[in-house]
Amino acid sequence: MARKKTNLVFDAVDYIRGKILSYDLKPGEPISDTKIALEMGEVLQIKISRSPVREAFTILQSEDFIEVIDGKVCVARITERDIFEICQLRDAIEQQSVIIVMNNGGFSQEEKELLKEKYQQLVKAIEYCDEEKEYQIDDEFHSILVACTKNKHIVGVEMRARNQMKRVRWLNRVFSSRRRQANLEHEAILNAILADDLEGTLQAIHIHNQNIMEAFQHIFETETMRKALVCLLSDS
């Protein structure tokens with residue numbers, strides 16, 4: 001049975017986004033709808049035309065994954081400034097999310113238990129040096145904070161910022177020494193939430209995000225690393 005066009009569009013979105021996140025498609029690199037359609041046919045064993053791929057381009061452009069340069073569809077560049085601005089955005093979103101939740105009765109017991117579970121999973125991932133699992137659980141921990149607002153617009157903005165940060169998550173390997181400190185910061189966030197401590201939660205979230213930005217700053221201040229990163233993140 002042939003797949004519906006809507007499904008094909010989202011198949012294409014997932015496929016292209018995956019290639020961008022894995023750097024199979026690099027920043028500034030042109031993307032061909034014909035080539036993508038052919039690749040998807042071979043890799044996913046589905047029949048797809050250029051039309052749903054083009055619709056996927058529109059969606060990915062709205063998510064800042066691709067851009068149009070001189071009439072050509074290309075992978076969007078991500079700069080040092082982009083990274084810091086996204087960090088600032090996530091800090092603001094997470095703090096405001098906690099304020100909204102606390103002003104509407106606080107985190108439920110079920111939500112607290114879910115955050116505790118994610119934190120415990122994070123501890124295990126760090127103990128077993130499972131970086132991929134660690135990134136995944138870290139991501140889920142922060143998304144839960146925002147999802148608890150039950151505000152689809154805030155969740156949508158946070159998801160867009162989170163997807164962009166996935167493009168540079170490999171930088172965590174550069175400052176791997178921060179992993180255990182970051183875990184302590186997650187513990188501080190969790191403990192403040194469990195205590196229904198609004199100010200303590202806001203402070204713990206801000207410290208965590210500020211430390212992330214400082215870690216990125218340290219990387220970019222290293223001249224050799226800076227040149228390599230600027231080349232990889234911004235050049236075609």
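Reader: Which residues line the second largest pocket?

Author: In this predicted model, the lining of the second largest pocket consists of D64, R77, I78, D82, E85, I86, L89, V157, R160, A161 and Q164.

Reader: What is the volume of the second largest pocket?

Author: The space in the second largest pocket comes to about 190 Å³.

Reader: And which helices each supply at least two residues of its lining?

Author: Helix 4, spanning 80-103, and helix 7, spanning 152-166, each contribute at least two residues to the lining.

Reader: How does that lining divide into nonpolar, polar and charged residues?

Author: There are 5 nonpolar, 1 polar and 5 charged residues in the lining of the second largest pocket.

Reader: Staying with helix 4 and helix 7, at what angle do they pack, and how far apart are their axes?

Author: The angle between helix 4 and helix 7 is about 145 degrees, and their axes lie 10 Å apart. Their crossing is left-handed.

Reader: Which residues make the contact?

Author: Helix 4 contributes I83, I86, C87, L89, R90, I93, S97 and I100, while helix 7 contributes I154, V157, E158, A161, R162, Q164 and M165. By class, this contact of helix 4 with helix 7 comprises 10 nonpolar, 2 polar and 3 charged residues.

Reader: Turning to helix 5 and helix 6: are they roughly parallel or antiparallel?

Author: Helix 5, residues 109-127, packs on helix 6 at an angle of about 160 degrees, with the axes 9 Å apart. The two helices are therefore roughly antiparallel to each other. The crossing of helix 5 and helix 6 is left-handed.

Reader: Which residues meet there?

Author: From helix 5, L114, L115, K118, Y119, Q121, L122, A125 and I126 meet K133, E134, I137, D138, E140, F141, I144 and L145 of helix 6. The contact of helix 5 with helix 6 divides into 10 nonpolar, 1 polar and 5 charged residues.

Reader: What about helix 6 and helix 8, at what angle do their axes cross?

Author: The axes of helix 6, residues 131-147, and helix 8, residues 179-194, cross at roughly 25 degrees and come within 12 Å. That angle makes helix 6 roughly parallel to helix 8. The crossing of helix 6 and helix 8 is left-handed.

Reader: Which residues make that contact, and how do they divide by class?

Author: On helix 6 the contact involves E131, E134, D138, F141, H142 and L145, and on helix 8 it involves R179, H186, I189, L190 and I193. By class, the contact of helix 6 with helix 8 has 5 nonpolar, 2 polar and 4 charged residues.

Conventions:
Residues are numbered from 1 along each chain as its sequence is written. This is a predicted model: local features need pLDDT of at least 70, side-chain atom pairs count only at pLDDT 80 or more; totals for chains, interfaces and linings use all residues. Side-chain values use heavy atoms; hydrogens and water are left out. On a 1 Å grid over the protein atoms alone, a cavity is a set of points where a 1.4 Å probe fits but cannot get out, and a pocket is an open set with protein on both sides within 12 Å along at least five of seven lines; lining residues have an atom within 4 Å of a point. Grid points are joined across faces, edges and corners, and a volume is the space filled by probe spheres set on the points. Helices (H or I, at least four residues) and strands (E, at least two) are DSSP runs, numbered from the N terminus. Ala, Val, Leu, Ile, Met, Phe, Trp, Tyr, Cys and Pro count as nonpolar, Asp, Glu, Lys and Arg as charged, and the others, Gly among them, as polar. Axes are lines fitted to C-alpha atoms, for helices over the stretch in contact, and angles run from 0 to 180 degrees between N-to-C directions. Angles under 35 degrees count as roughly parallel, over 145 as roughly antiparallel, 65 to 115 as roughly perpendicular and the rest as oblique. A crossing is left-handed if the near helix is turned anticlockwise from the far one by less than a right angle, and right-handed if clockwise. Contact means heavy atoms within 4.5 Å.
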